[in-house]
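Hi,

Here is the structure I said I would pass on to you.

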Amino acid sequence: MSQPSTPLVGVIMGSKSDWPTMQYAVEMLELFAVPYEVKVVSAHRTPDLMFEYAQTAEARGLQVIIAGAGGAAHLPGMVAAKTVVPVLGVPVKSRALNGNDSLLSIVQMPGGVPVGTLAIGDAGAKNAGILAAQIIGNQIAAVRQAVAKFRQEQTQSVLDNPDPRAE
Ligand SMILES: Nc1c(C(=O)O)ncn1[C@@H]1O[C@H](COP(=O)(O)O)[C@@H](O)[C@H]1O
C-alpha cells in the first residue's frame with residue numbers, strides 16, 4: 001500500500017527474507033493509519049546505506065524506527081548508535097538457532113544506547129507495530145484512539161469466546 005503522507009515510522013529489515021515476519025509490524029501500522037515506509041537495509045551488506053538511513057532519519061521526520069534482523073542481528077543496535085530516534089528491535093526467528101541468536105544480539109546493548117527489544121518472530125513484529133503506534137499516539141489523537149479501539153475489541157473477543165472447545 002502506498003503511503004501519501006510523510007512517514008512517521010521507518011520499518012527496516014536486514015533482508016527481504018525477513019518480510020514474512022516484518023509484515024506483521026506493517027499490518028498494525030496500516031490498521032492504525034500510521035504513515036510509514038518500509039525498506040531492506042543491512043548493517044552487514046549495505047553498511048553505508050544503513051549509516052545514511054540512520055543519520056537522516058530525524059531530519060526526514062521519522063519518530064520511530066522498527067528494525068528487524070535475524071542471526072547476528074546488528075542492524076537495530078547500529079542504527080540506534082547513529083540516531084536519537086527511538087529504535088524498536090525485532091529478533092527474526094533464524095533457522096539455525098530459532099531466533100535465540102537474533103534476540104541476544106539485539107537485546108544486550110551496552111548502557112547508553114538503548115534498543116527497545118520485542119519478542120522473537122511474528123508476535124514481536126506485531127507488537128513493534130502496536131508499540132510504535134502507541135508512541136506516535138502520544139501526539140496524534142486519532143492514532144491513540146485507533147489503538148484503544150483495537151485493544152477494546154481484542155478484550156471483548158476473548159470475553160465473548162470463553163469456551164476453549166468452541167469452533
Ligand atoms: N542480521 C542481519 C543484518 C544486519 O544485522 O545488518 N543484515 C542481514 N541480516 C540477517 O541475515 C538473515 C539471513 O538473510 P538472507 O536470508 O538474506 O541470507 C536475515 O534474517 C537478515 O535479517
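Below is what I found, going from the whole chain down to a few residues.

Before anything else, keep in mind that this is a predicted model.

**The chain as a whole**

You'll find 6 helices and 5 strands in the chain. Starting at the N terminus, the order of elements is β-α-β-α-β-α-β-α-β-α-α. Along the principal axes, the C-alpha atoms fill a box of roughly 50 × 40 × 30 Å.

**What the record says**

UniProt, in an unreviewed entry, puts the feature "domain: PurE" at residues 7-158. In the model, that span is 48% helix and 16% strand, and its end C-alpha atoms are 33 Å apart.

The unreviewed UniProt entry also has a "binding site" feature, placed at Ser15, Asp18 and Arg45. These residues span 31 residues in sequence, but no two of their C-alpha atoms are more than 14.3 Å apart, so they gather at one spot. If you want to find Ser15 in the viewer, look in the loop between strand 1 (9-13) and helix 1.

**Helix 5 and its two partners**

Two packed helices are described by the angle between their axes and the distance between the axes.

Take helix 1 (residues 19-31) and helix 5 (residues 122-137): their axes come within 7 Å and cross at roughly 30 degrees. The two are therefore roughly parallel to each other, and their crossing is right-handed. On the helix 1 side, the contact is made by Thr21, Met22, Tyr24, Ala25, Val26, Glu27, Met28 and Leu29. Helix 5 brings Asp122, Ala125, Lys126, Ala128, Gly129, Ile130, Ala132 and Ala133 to it. Sorted by class, the residues of this contact are 11 nonpolar, 2 polar and 3 charged.

Now for helix 6 (residues 141-160). Its axis and that of helix 5 also come within 7 Å, with a crossing at roughly 140 degrees. That makes helix 5 oblique to helix 6, and the crossing here is left-handed. Ile130, Ala133, Gln134, Ile136 and Gly137 of helix 5 make the contact with Val143, Arg144 and Val147 of helix 6. By class, there are 5 nonpolar, 2 polar and 1 charged residues in it.

Cheers

Terms used
Residues are numbered from 1 along each chain as its sequence is written. This is a predicted model: local features need pLDDT of at least 70, side-chain atom pairs count only at pLDDT 80 or more; totals for chains, interfaces and linings use all residues. Axes are lines fitted to C-alpha atoms, for helices over the stretch in contact, and angles run from 0 to 180 degrees between N-to-C directions. Helices (H or I, at least four residues) and strands (E, at least two) are DSSP runs, numbered from the N terminus. Angles under 35 degrees count as roughly parallel, over 145 as roughly antiparallel, 65 to 115 as roughly perpendicular and the rest as oblique. A crossing is left-handed if the near helix is turned anticlockwise from the far one by less than a right angle, and right-handed if clockwise. Two residues are in contact if their C-beta atoms, placed from the backbone, lie within 7 Å. Ala, Val, Leu, Ile, Met, Phe, Trp, Tyr, Cys and Pro count as nonpolar, Asp, Glu, Lys and Arg as charged, and the others, Gly among them, as polar. UniProt positions are given in the numbering used here, feature names are shortened, and annotations may be inferred rather than shown by experiment.
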